[in-house]
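Take a walk through this protein, from its overall build down to single side chains. Keep the sequence and the 3D view open as you read.

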Amino acid sequence: MTPSAPASGPATRVTLAALVAAGSGAVLSLQGRLNGDLAAAGTGPVVAAWLSYVGTLLATVLVVVALRRTRSTLDVVRTSASWWWFAVGLCSVPIVVAMAAGVPLVGVAVASVCSVAGQTVAGLALDARGVGLSAPLRLTPRRAAAGLAALVGLGVAVLGGATTDAGWGAVLAGVALFVGGAVLCGQQAGNGRVTQLTGDPVVATLTSVTGGLVGISVVCALVAALGGLDGVTLPGQWWLYLGGPLGTLITVAAAFAVRHLGTFVLTITVVGGQMVMAVLLDVLGVVGLRWQTVVATAVVGIAVLLVVQRPGARTSA
């Protein structure tokens, strides 16, 4: 460390990353609500997911153009990009489809708890292996307790969903959201690695969203061939299509924050903003606030407090 480096530098970067992650969580809940409303309005979950990816890609391209980095970005992609830069985008397809299908059934808050539980379990495993990090983060009792708390929140959310009008459909949605959340960690870790290699989270967003769009387009083609898209209609409310552009903010923020927080701390920190916004959306929407939602949110909040620690307390391998 050089004498001129401020002692608060690492703490400032970690704090900024945590704030960015929490903000992206709030945007994630809003995106889930918009995509769910879009699906319920006539597109269905698969087409809603496809439209979300198209919007995200267009918004990312606009960001590159606005920053006047079109040529430099294309040069990086053309000369340095590997196939896996695009393939990691496939990891977000399950959660986008599951959110579009699950939010109308169980609400934003319960859907968020289920997806985060999956991210928690996968994030622990990825961090222990150093995926997306410069060094592995060992599984401490504190981190294990945070993961257990998130799983308890999942159980409360799923069991609470079974008592609603959706019944076992809500339980199936919860399982799909759990699996989608677990798979999503692959994209977060992969984008973190691309950002490390390029120094640019926008490049990571561009490549992963392109791969995700290819993947969801294949899914749409298969569903269409089986007649699953018959009767799909596009609603006229323009704001329902904003989920895609919001995805750009989410992906860029995650690619930046994971470098300073790690996959597991990123996912747990995201939950702070995600759950606050999710509860607000449910209170203001048709789902309303149930006691299971309150308990699940509180348990996940405990998980956040358990896992987020001072930079000086992190284990350096």
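Predicted model: local features only at pLDDT ≥ 70, side-chain atom pairs only at ≥ 80, totals over all residues.

Start with the fold. The protein has 11 helices and 0 strands. Read along the sequence, the pattern is α-α-α-α-α-α-α-α-α-α-α. Of the 317 residues, 51% count as buried. Now look at the contacts between residues at least 6 apart in sequence. Of these, 86% join residues at least 24 apart.

Next, go to helix 7, which covers residues 168-198. Val 175 is found there. Together with Val 179 and Val 183, Val 175 makes a nonpolar surface patch of about 210 Å². Val 175 has a relative accessible area of 45%, so it counts as partly exposed.

Asn 191 is also found in helix 7. Is Asn 191 buried or exposed? Asn 191 is buried, because its relative accessible area is 3%, and the cut-off for buried is under 20%. What does its side chain meet? The side chain of Asn 191 makes a polar contact with the side chain of Ser 208, at 3.4 Å. Leave aside residues up to four places away in sequence, and Asn 191 touches Val 88, Ala 204, Ser 208, Thr 251 and Ala 255.

Now the cysteines. A search of the whole structure finds 0 disulfides. Cys 185 shows the spacing: the nearest cysteine sulfur, that of Cys 91, is 9.5 Å away. A disulfide needs the two sulfur atoms within 2.5 Å, so Cys 185 is in no disulfide. Cys 185 is buried, with a relative accessible area of 0%. Cys 220 is buried too, at 11%.

Turn to charge. Side chains of opposite charge can pair when their charged atoms come close. How many salt bridges does a search of the whole structure find? The search finds 3.

Take the pair in helix 1 to begin with. Asp 37 forms a salt bridge with Arg 33, with the closest N and O atoms 3.0 Å apart. Both residues lie in helix 1 (residues 9-66), 4 residues apart, or about one turn of the helix. Asp 37 is partly exposed at 30% relative accessible area. Arg 33 is partly exposed at 22%.

Helix 2 holds another pair. The side chains of Asp 75 and Arg 78 meet in a salt bridge at 2.5 Å, N to O. Because Asp 75 and Arg 78 are 3 residues apart in helix 2, about one helical turn separates them. Asp 75 counts as partly exposed at 32% relative accessibility, while Arg 78 is exposed, with a relative accessible area of 59%.

Asp 200 forms a salt bridge with Arg 69, and their closest N and O atoms are 2.0 Å apart. Asp 200 lies in the loop between helix 7 and helix 8 (201-225), and Arg 69 in the loop between helix 1 and helix 2 (70-80), so the pair ties together parts that are 131 residues apart in sequence. Asp 200 is buried, with a relative accessible area of 12%.

Definitions and conventions
Residues numbered from 1 in each chain as written. Heavy atoms only, no water. Helix = DSSP H or I, 4+ residues; strand = E, 2+ residues; numbered from the N terminus. Buried < 20%, exposed > 50% of the residue type's maximum accessible area, 1.4 Å probe, protein only. Contact = heavy atoms within 4.5 Å. Patch = residues over 30% accessible without salt bridge, like charges linked within 9 Å, V, L, I, M, F, W, Y side chains within 5 Å. Areas by Shrake-Rupley, 256 points an atom, 1.4 Å probe, with all protein chains shown as cover. Salt bridge = Lys/Arg side-chain N within 4 Å of Asp/Glu carboxyl O. Polar contact = N/O pair within 3.5 Å; in protein donor to acceptor, adjacent residues only side chain to side chain.
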